[in-house]
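Subject: A structure for you to look at

Hi there,

Here is the structure I promised to pass on to you. Please open it alongside this email and follow along as you read.

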Amino acid sequence: MELNTCSRCGAFFTSNGVVCPNCEAQERLELSKLKDYLAENNVTTTSIEQISCSTGISEKNVTRFLSQGIIEM
Ligand SMILES: [Zn+2]
């Protein structure tokens, strides 16, 4: 059995993915929010801080979403 560490809350979990089952719903919500935001805005002139401000997603999570390549820039 392999233990993963949740990228959001740091809890250990055994299922696949980057977040624990407790954070999954919130993760999905923020991801779709971020995708909508990026679709509507000119990303090249937008900073992480600005995205975080507009979407309510923490800078840490915005950075993580982007660096994981979940979002196509
Ligand atoms: Zn979690």
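Predicted model: local features only at pLDDT ≥ 70, side-chain atom pairs only at ≥ 80, totals over all residues.

Let's begin with the zinc ion. Which residues hold it? Its ligands are Cys 6, Cys 9, Cys 20 and Cys 23, each through its SG atom, at 2.3 Å. The site is tetrahedral, with angles of 106 to 112 degrees among the 4 donor atoms. If you look for these donor residues in the sequence, you will find them spaced C-x2-C-x10-C-x2-C. Cys 6 sits in the loop between strand E1 (4-5) and strand E2 (12-13), while Cys 20 sits in the loop between E2 and helix H1 (24-40), so this pair ties together parts that are 14 residues apart in sequence. Both Cys 6 and Cys 20 are buried.

Is Thr 46 buried or exposed? Its relative accessible area is 17%, and buried means under 20%, so Thr 46 counts as buried. Leaving aside neighbours within four places in sequence, Thr 46 is in contact with Tyr 37 and Ile 51.

Ile 51 comes up again in H2 itself, where the buried residues are Ile 51, Ser 52 and Thr 55. Seen down the axis of H2, these buried residues fall within an arc of 100 degrees, so they line one face of the helix. The face of H2 turned away from the buried side carries Glu 49 and Cys 53, which are exposed. H1 and helix H3 (59-67) are among the parts that cover the buried residues of H2. After H2 comes Gly 56, with a positive phi near 80 degrees.

Finally, the cores. The largest nonpolar core has 10 residues: Leu 31, Leu 34, Tyr 37, Leu 38, Val 43, Ile 51, Ile 57, Val 62, Phe 65 and Leu 66. H1 and H3 each supply at least two residues of this core, and H1 gives the most, with 4 residues. Another core, of 5 residues, lies apart from it and includes Cys 6, Phe 13, Val 19 and Cys 20.

Enjoy exploring!

Best wishes

Conventions. Residues numbered from 1 in each chain as written. Heavy atoms only, no water. Donors = N, O, S within 2.8 Å, 3.2 Å for Na, K, Ca; no water. Tetrahedral: all angles 85-135°; square planar, octahedral: opposite > 155°, others 65-115°. Buried < 20%, exposed > 50% of the residue type's maximum accessible area, 1.4 Å probe, protein only. Contact = heavy atoms within 4.5 Å. Arc of directions from axis to C-beta. Core = buried A, V, L, I, M, F, W, Y, C linked by side-chain atoms within 4.5 Å.
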